[in-house]
Amino acid sequence: MRIPILLILFVLVSISCKDPKRTSSSEAGAVHTKELKHAKGFRIAYMDGYKTITITNPWPGAKEEFTYLLIEKGTNAPTSKQYDAVIEVPVRSVVVTSTTHIPSLEMLDVSSALVGFPNLDYISSQTTRNRINAGAIKELGKNEAINTEVLIDLNPDAVVTFAVEGGNKTVDAIKKTGIPVLYNADWTETTPLGKAEWIKFFGLLFGKEKKADSIFKEIEFNYQTAKELAASAGRKPTVLSGAMYQDVWYLPQGNSWAAQLIEDAHGEYLWHATEGTGSISLNLEAVLEKGQHADFWIGPGQFTGLQQMLESHPVYAEFEAFQQKNVFSFTTNKGVTGGVLYYELAPNRPDLVLQDMIKILHPHLLPEYEFFFFSKLE
């Protein structure tokens with residue numbers, strides 16, 4: 001989804017279908033469940049003639065689960081249970097609400113199914129932008145107030161959304177139409193490979209399970225190979241992250257996926273011992289005391305140049321990483337309408353992020369490698 005990793009995510013909509021009741025995918029009659037290696041936010045069950053996806057952590061602190069029934073077109077849904085949505089698969093048309101969903105559609109070769117999206121300018125992928133330019137994808141307005149009239153006219157087979165918490169008036173409006181809507185909680189995963197494994201969620205919807213499994217295995221292999229390479233380096237360089245925003249310095253907590261990437265790149269993130277998966281809010285003095293002598297500064301907020309940083313806060317010049325021009329950002333790589341590619345693709349391709357990190361921290365290990373997301377600020 002298109003937001004900085006150091007700032008809080010915003011909510012769009014949550015929805016269910018035909019006033020269902022909650023149910024678990026571990027119900028009686030399950031033939032078997034599919035084990036997920038890294039993702040913790042959903043599970044898959046195979047029944048006699050149908051499948052279910054259960055979202056176990058739709059948002060942080062959620063007390064409820066959501067179970068969706070997937071049935072082949074032309075077959076009847078079982079009547080013994082009620083579900084949060086019933087979806088005929090494979091899905092032919094879809095609305096998604098986060099840019100992090102776009103790469104899964106493209107990698108599975110089903111991007112032609114996308115018919116609507118809120119805030120189209122946020123999308124960076126040129127492949128999907130070509131379809132936008134051709135008028136094949138409709139603008140649905142803002143995430144906070146999605147245009148339900150346009151969405152209903154599109155009448156997609158499914159809407160895939162996310163939520164920071166439950167309850168939304170837009171939900172109720174769409175629920176009455178009977179359009180199936182599913183939560184995708186990829187953003188709640190705290191490990192890089194956990195986020196990437198959500199491609200299997202879309203694989204189920206589009207009848208592309210084997211392809212999704214194959215794609216994820218390749219990403220996982222690339223990630224593990226890069227991690228092993230990084231471990232062969234000697235010293236672990238120290239790393240500072242984040243920047244000031246309205247006199248508060250935001251940086252990743254020690255259990256966040258951003259911190260995990262630094263660790264897997266054989267770097268020493270200076271706040272690795274902090275507990276939590278979101279961001280820390282600190283004052284400038286605390287960050288300067290601990291991070292002034294850091295070797296590298298990775299992810300300095302939205303800044304795209306060193307002079308821009310100085311003009312915002314002259315104190316940045318006191319950090320050694322700034323003085324040595326060892327400041328690296330992902331915000332310079334943007335789509336034609338200003339969307340930052342990292343926000344869209346990085347959760348889906350942690351292997352590329354990790355290789356970028358290794359190139360930053362241990363350039364001798366990848367001498368021919370060129371950055372995919374990051375660039376050195378000048």
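I started with strand E3 (residues 51-55) and strand E4 (residues 66-72): they run antiparallel, joined by 5 bridges. Strands here are DSSP runs of at least two residues and helices (H or I) runs of at least four, numbered from the N terminus. Two strands pair if DSSP finds at least two bridges between them.

A note on the source: this is a predicted model, where local features need pLDDT of at least 70, side-chain atom pairs count only at pLDDT 80 or more, and totals for chains, interfaces and linings use all residues. Residues are numbered from 1 along each chain as its sequence is written, and side-chain values use heavy atoms, with hydrogens and water left out.

I checked who faces whom. Threonine 54 stands opposite threonine 67 in E4, and isoleucine 55 has phenylalanine 66 in E4 as its bridge partner.

Next I followed E4 to E5: 5 bridges again, but these two run parallel. Glutamate 72 stands opposite valine 89 in E5.

Then I looked at the whole sheet, which is open, with 5 strands in the order E1-E2-E3-E4-E5 and mixed pairing. Strand E1 (32-34) and strand E5 (85-89) are the edges, each pairing on one side only.

Last, I looked up helix H13 (residues 350-361): 12 of its 12 residues are buried, so H13 is largely enclosed by the rest of the structure. Among them are Pro350, Asp351 and Lys359.

Definitions and conventions. Buried < 20%, exposed > 50% of the residue type's maximum accessible area, 1.4 Å probe, protein only.
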